[in-house]
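This report describes how side chains pair and pack in one protein model. Please keep the sequence and the 3D view at hand while reading.

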Amino acid sequence: MTTTPELTPPTTPTTTTPTTPAAVDPAPTPPTTYLPHLDDDAPPPVPRRSLGRPSPDEQLTRWGPWLSSAALAWLVTQQLLPLAGVAWFVVSWFLLGLVVTAVTAAMHGGWIEVKDRVAAAVVTGGALSVGVALVSTVGFVFLRGWEPLTHLNFLTDDMSGVGPKDAFDRGGIAHAILGSLIQLGIGLAITLPLGIGTAVFMTEVGGRFARLVRTIVEAMTALPSIVAGLFVYTVFIVMLGQPRSGLAAGLAIAVMMLPIIARAADVVLRVVPGGLREASLALGASRWKTVWHVVLPTARPGLATAVILGSARGVGETSPVLITSGAAAFLVTDPVGGAMNSLPLFIYSNVRSGEEQAIDRAFGAASVLLVLVLLLFVVARLLARPPRTKARGRPRVSLRPRRRGPRPGAPADAHPSTQPLDQPESQDPR
């Protein structure tokens, strides 16, 4: 019996790959500090100028034409032409300045630059003219009336028994100040509700009759004061048989103040956004509540301006007071007790006398009148200022945990705030 040997399959030799060591990161480089290198031969740095500051070239272009036109105006008015005087010099300076400014702007820019420079010069010149006129007028009045103002009796006494040639230590304008305040108070008591009510009617109600009322108000704005005085004199004194008094003067002043306050208040109320009215009406408020609680408080600063304009017009009227009240040299406190003087009427009477002492008293009274109008303006603006809402303090936020005691009837260890802070308050059962 023969046996065959078992054949085994050939085995392929296994090759082993040599293992390489892991890559090692290089050592980190230490941080390096670089110091700035100062170059002594470098030019100095140019300072940066702000965006709104003009450059020297722009300043020369702006002020150079006016300096050159001043020299040219002096040469024309004082040397070449017989136009001596400050007025001619100022007018020539302004006109020549506009010409030189236009030429300089045309050299540096186009037609748009010329129009811009000329328009800016005209607007600035107009503002300076108004400012100079106002300051010079007020300064001249106070300078001329300063000597009477240095005496205390000028503000506390009246002119009873004092002549136009008497010294300043006798007499005063207390009766005129009190009369002006009483007459202005009567006028404001009448025109304030009527004027604002008329403006509310024209703005909030509207309609054909409102247009007619607006036309009448605009026409009465240019009403001469003498016509208002004659109207009150005819109706109140002649027809009703009332005597000439401070009440009649107050009625005449009210006729002058009413259209001004109504017209200015109408313009102010029309500026109030319509969305405020619509929001108030949408919330269920009536028309009256919308006007009283929304429209009028919103327009309060503008309404104060309207009252100031009317008061300034009424306190300076002379002819209505002269016709309806007349002048009195003594103190009168009763509006229906006869003639009552006022500051404008006192100024007119003293200037008309022609005496130097009386004219100085008139300038002193004019200074007091200016101060009185300024005080009325300040008081009206303060009253019209919206109330400031007090800022409520925010509650302080504490990062520390608030510890509360356990509720009544609960165990002491059941409250989570009594547990230590380093342990969790509850364990997740999951």
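## Salt bridges

A salt bridge is a side-chain nitrogen of Lys or Arg within 4 Å of a carboxyl oxygen of Asp or Glu. Side chains of opposite charge can pair when their charged atoms come close. The model discussed here is predicted, so local features need pLDDT of at least 70 and side-chain atom pairs count only at pLDDT 80 or more, while totals for chains, interfaces and linings use all residues. Residues are numbered from 1 along each chain as its sequence is written, and side-chain values use heavy atoms, with hydrogens and water left out.

A search of the whole structure gives 10 salt bridges. One of them joins Glu 317 to Arg 313, with the closest N and O atoms 2.8 Å apart. The surroundings of these residues are described by relative accessible area: buried means under 20%, exposed over 50%, and partly exposed in between (1.4 Å probe, protein chains only). Glu 317 is buried, with a relative accessible area of 9%, whereas Arg 313 counts as partly exposed at 26%.

Helices are DSSP runs (H or I, at least four residues), and they are numbered from the N terminus. Asp 266 and Arg 214 form a salt bridge at 3.2 Å, N to O. Asp 266 belongs to helix H9 (residues 246–271) and Arg 214 to helix H7 (residues 208–221), so this pair ties together parts that are 52 residues apart in sequence. Both Asp 266 and Arg 214 are buried.

A salt bridge also connects Glu 218 and Arg 263, again with 3.2 Å from N to O. This pair links distant parts of the chain, since Glu 218 lies in helix H7 and Arg 263 in helix H9, 45 residues apart. Glu 218 is partly exposed at 37% relative accessibility, and Arg 263 is partly exposed at 26%. Through shared partners, salt bridges join Arg 214, Glu 218, Arg 263, Asp 266 and Arg 270 into one network.

## Aromatic pairs

A pair of aromatic rings is described by the distance of the centres and the angle of the planes. Rings of Phe, Tyr and Trp (its six-membered ring) pair if their centres lie within 6.5 Å; planes under 30 degrees apart count as stacked, over 60 as edge-to-face and the rest as tilted. By this rule there are 5 aromatic pairs. One of them, Phe 201 with Phe 209, is edge-to-face, with 5.9 Å between centres and 70° between planes. Phe 201 is partly exposed at 26%, while Phe 209 is exposed at 55%.

How are the rings of Trp 288 and Trp 292 arranged? Their centres are 5.5 Å apart and their planes meet at 25°, so the pair is stacked. Trp 288 and Trp 292 are 4 residues apart in helix H11 (residues 287–298), a separation of about one helical turn. Trp 288 is exposed, with a relative accessible area of 58%, and Trp 292 is partly exposed at 48%.

## Nonpolar cores

A nonpolar core is a set of buried Ala, Val, Leu, Ile, Met, Phe, Trp, Tyr and Cys residues joined through side-chain atoms within 4.5 Å. The largest has 26 residues, and Ile 173, Leu 343, Phe 346, Ile 347, Ala 365 and Val 368 have the most contacts inside it. At least two residues of this core come from each of helix H6 (174–205), H9, helix H14 (343–353) and helix H15 (356–384). The largest share, 8 residues, is supplied by H15.

Contact means heavy atoms within 4.5 Å. Apart from neighbours within four places in sequence, Ile 347 is in contact with Ala 362, Ala 365, Ala 366 and Leu 369. A second, separate core of 12 residues includes Leu 269, Val 295, Ala 299 and Leu 303.
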